[in-house]
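Trainee: Can we go through this one together? I would like to start with the ligand and then look at the packing.

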Amino acid sequence: MAFLKVAKSGTLSLNEKSRALADAGRKVYRFGFGESPFPPPRRVQAALRSAAHRTDYTAVAGMPVLREKVAAFHHEADGYPIEPRQVLIAPGTKPLLYNVMRAFQRAVVYVPAPAWVSYEPQARLAGHQVVRIPTTFEGRWRVKPVDLERAILRQGAGDRQKLMVLNYPGNPDGLTYSYEELQALTAVLRRHGVWVIADEIYALLDHRGRHVSLARLYPERTIVTTGLSKWCGAGGWRLGTLILPPDAPSALHDALIGLGSETYSCAPAPIQVAAQSAYELDAELHDFLAAQRRILRAIGSAVHRALVEAGIRAHAPQGGFYLLLDFSPFSKLLAERGIRSDSQLCDRLLADTGVALLPGEAFGMPAGSFTARLAYVDFDGAAALRDAERIEATVIEHAAKMLEGLAALREWLS
Ligand code: PLP
């Protein structure tokens, strides 16, 4: 009997591995799994409780009132007009990303290296050809327009459609694109008629609140995905949103509805009710977002400082809660210890120190790049929110466990 070969997503298996170590009584520094540490606002939790009786199936596209709220919310947050008909709701961003890939027939999918773990497997499951666009530490892991264009021209997509995935603030790099960088990329995308999935799931966690949506610059072919998983601290609730271009072909819209109807049917009704409360961009929500940004900025800087002091190369984070570490200054030491790949590095680190990182390979980096992703979320998000006004002064306390883990990492490298 033959079955489809699909490996479990790298992020999820590391989470299970470190949980097993912790269950066995080992101290584990959980830098591996990118789960928000912050609880959803109380009013959103209350809305979910009050909706427990909602057992109905909703429309595949989501509740009309929620689609209206999402459109108004992102119009205000991102500064471009959105009609409710452009919005789709689903149980998480992941199925939306997959269904977008699936909705394209025979495409070349351009994926930066590094990029989030699931884009490439999803593109392959959808039957597409994947072309990686390499980036460098020196280039701040940004896709350069010239490299994008070279990849497009070299590939010669033939009659295949062209689709690119662009995620910023980024997982695994924690960096974003400036308006000018996006403009330069847009010129190439437009010249070659490339469709883009702009995965803006960390947009509201841009540490300075300055995210620029690609849909503002390239409205005709940008499909924006986001949802409650990161900025609302509700990953396990499973609520994702998608914003289609205003003039998207009806065939694309219909394909997404068809795929949704044959797979997930709809996002859970109680979660959609709770989401209506989350997508209310009032003063309370602005404060909640500002507090998260301030905390992530303070903790991200403290973690970055500790890494640089340990001799590891990393760029100061700009958004979300990740850092991409470059251990190449230690390549000689690692070789002496028989470590030849990112995965071996992460396995040994976890076994020797309890520090759980995810290897760069999982994000499409070459195995010998000695890169790994660190998620700085191993802190009490509720306590940090209570202390948000003075987080800069108390960051050492809030990040104590992570700083202890980084001290162990430093010791291991010395
Ligand atoms: N896109 C990126 C860049 C992510 O980091 C994640 C989750 O880790 C997702 C998408 C998936 O989000 P969801 O939990 O809404 O499916």
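Predicted model: local features only at pLDDT ≥ 70, side-chain atom pairs only at ≥ 80, totals over all residues.

Trainee: What about polar atoms? Which side chain has an N or O atom 2.7 Å from a ligand oxygen?

Mentor: Tyr 202 does. The side chain of Lys 230 also has an N or O atom 2.8 Å from an oxygen atom of the ligand. With Lys 94 the backbone is involved instead: one of its N or O atoms lies 2.9 Å from a ligand oxygen.

Trainee: And how much of the ligand does the protein bury?

Mentor: The protein buries 91% of the 400 Å² that the ligand exposes when taken alone.

Trainee: OK, rings. How many aromatic pairs does the structure hold?

Mentor: It holds 11 aromatic pairs. Take Phe 38 and Phe 379 as one of them: their ring centres are 5.8 Å apart and the planes are at 75°, so this pair is edge-to-face.

Trainee: Are Phe 38 and Phe 379 buried or exposed?

Mentor: Both Phe 38 and Phe 379 are buried. Another edge-to-face pair is Phe 104 with Trp 195, at 5.8 Å centre to centre and 70° between the planes. Phe 104 is in the loop between α4 (93-103) and β3 (107-113) and Trp 195 is in strand β6 (residues 195-199), so this pair ties together parts 91 residues apart in sequence. Phe 104 and Trp 195 are both buried as well.

Trainee: Which residues do ring pairs link into a cluster?

Mentor: Phe 73, Trp 231 and Tyr 279.

Trainee: Switching to helices. Why is α10 described as largely enclosed by the rest of the structure?

Mentor: Because 10 of the 10 residues of α10 (residues 269-278) are buried. Among them are Pro 270, Ile 271, Gln 272 and Val 273.

Trainee: What covers the buried residues of α10?

Mentor: The cover includes α2, α3 (64-78), β2 (87-90) and α11 (283-309).

Trainee: Now single residues. Where is His 192?

Mentor: His 192 is in the loop between α7 (179-191) and β6. His 192 counts as buried because its relative accessibility is 17%, and the cut-off for buried is under 20%.

Trainee: What does His 192 contact, leaving aside neighbours within four places in sequence?

Mentor: Glu 149, Ile 152, Leu 153 and Lys 162. With Glu 149, the side chains are joined by a polar contact of 2.6 Å.

Trainee: And the prolines? Is Pro 359 buried or exposed?

Mentor: Pro 359 is buried, at 14% relative accessible area. Pro 359 belongs to strand β11 (residues 358-359). Beyond four places in sequence, Pro 359 touches Asp 342, Ser 343, Cys 346, Thr 371 and Ala 372. Of these, Thr 371 is 12 residues away in sequence, with 6.3 Å between the C-alpha atoms.

Trainee: How about Pro 134, buried or exposed?

Mentor: Pro 134 is exposed, with a relative accessible area of 56%. Pro 134 lies in strand β4 (residues 129-134). Outside four places in sequence, Pro 134 touches Ala 113 and Asp 147.

Trainee: Last one. Where does Lys 5 sit?

Mentor: Lys 5 is in the segment before α1 (10-23). At 82% relative accessibility, Lys 5 counts as exposed. The C-alpha atoms of Lys 5 and Leu 242 are 28 Å apart.

Technical notes: Residues numbered from 1 in each chain as written. Heavy atoms only, no water. Helix = DSSP H or I, 4+ residues; strand = E, 2+ residues; numbered from the N terminus. Buried < 20%, exposed > 50% of the residue type's maximum accessible area, 1.4 Å probe, protein only. Contact = heavy atoms within 4.5 Å. Phe/Tyr/Trp six-rings, centres within 6.5 Å; stacked < 30°, edge-to-face > 60°. Polar contact = N/O pair within 3.5 Å; in protein donor to acceptor, adjacent residues only side chain to side chain. Areas by Shrake-Rupley, 256 points an atom, 1.4 Å probe, with all protein chains shown as cover.
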